[in-house]
Amino acid sequence: MSKPNNTTAAQTYRYELVHDDDDADFVAYQRRREDGFWQTFATWMIPRTACN
């Protein structure tokens, strides 16, 4: 009897950092749908601050 290989498990969620050319970056929380496509469930804005 062999042990299952856990390193081949499919990734079901991810966080993606999206750079914006303006004043903020975004983090998107996405989950993989049954058809293999990624669906965004939530986004967070990370505002940039001016460095003086």
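Colleague: What is the order of the three strands in the open sheet?

Modeller: This is a predicted model, in which local features need pLDDT of at least 70, side-chain atom pairs count only at pLDDT 80 or more, and totals for chains, interfaces and linings use all residues. Residues are numbered from 1 along each chain as its sequence is written, and side-chain values use heavy atoms, with hydrogens and water left out. Strands are DSSP runs of E with at least two residues, numbered from the N terminus, and two strands pair if DSSP finds at least two bridges between them. The pairing in the open sheet is antiparallel, and the order of its three strands is 1-2-3.

Colleague: Why is one side of strand 1 and of strand 3 left without a neighbour in the sheet?

Modeller: Strands of a sheet pair through backbone hydrogen bonds, either parallel or antiparallel. Strand 1 and strand 3 each have a single partner strand, so one side of each has no neighbour in the sheet, because both stand at the edges.

Colleague: How many bridges join strand 2 to strand 3?

Modeller: Strand 2 and strand 3 run antiparallel. In strand 3, Ala 42 is the bridge partner of Tyr 29. The bridges that join strand 2 to strand 3 number nine.

Colleague: Is Ala 24 buried or exposed?

Modeller: Ala 24 is found in strand 2, residues 24-32. Residues count as buried under 20% relative accessible area, exposed over 50% and partly exposed in between, with a 1.4 Å probe and protein chains only. Of the 52 residues of the protein chain, 10% count as buried. The relative accessible area of Ala 24 is 6%, so Ala 24 is buried.

Colleague: Which residues does Ala 24 touch, not counting residues up to four places away in sequence?

Modeller: A contact means heavy atoms within 4.5 Å. Ala 24 and Thr 49 are 25 residues apart in sequence and 8.9 Å apart in space, C-alpha to C-alpha. With residues up to four places away in sequence not counted, Ala 24 touches Met 45, Ile 46, Pro 47 and Arg 48.

Colleague: How many aromatic pairs does a search of the whole structure find?

Modeller: Rings of Phe, Tyr and Trp (its six-membered ring) pair if their centres lie within 6.5 Å; planes under 30 degrees apart count as stacked, over 60 as edge-to-face and the rest as tilted. A search of the whole structure finds aromatic pairs to the number of four. One of them is the edge-to-face pair of Tyr 13 and Tyr 15, at 6.5 Å centre to centre and 85° between the planes. The number of aromatic pairs is four.

Colleague: How far apart in the chain are Tyr 15 and Trp 44?

Modeller: Tyr 15 and Trp 44 form a tilted aromatic pair, with 6.5 Å centre to centre and 40° between the planes. The pair links distant parts of the chain, Tyr 15 in strand 1 (residues 13-19) and Trp 44 in strand 3 (residues 38-47), at 29 residues apart.

Colleague: Which residue lies over the face of Phe 41?

Modeller: A charge sits over a ring if NZ of Lys or CZ of Arg is within 6 Å of the ring centre and within 35 degrees of the ring normal. At 4.0 Å from the ring centre of Phe 41, the residue over its face is Arg 31.

Conventions: Helices (H or I, at least four residues) and strands (E, at least two) are DSSP runs, numbered from the N terminus.
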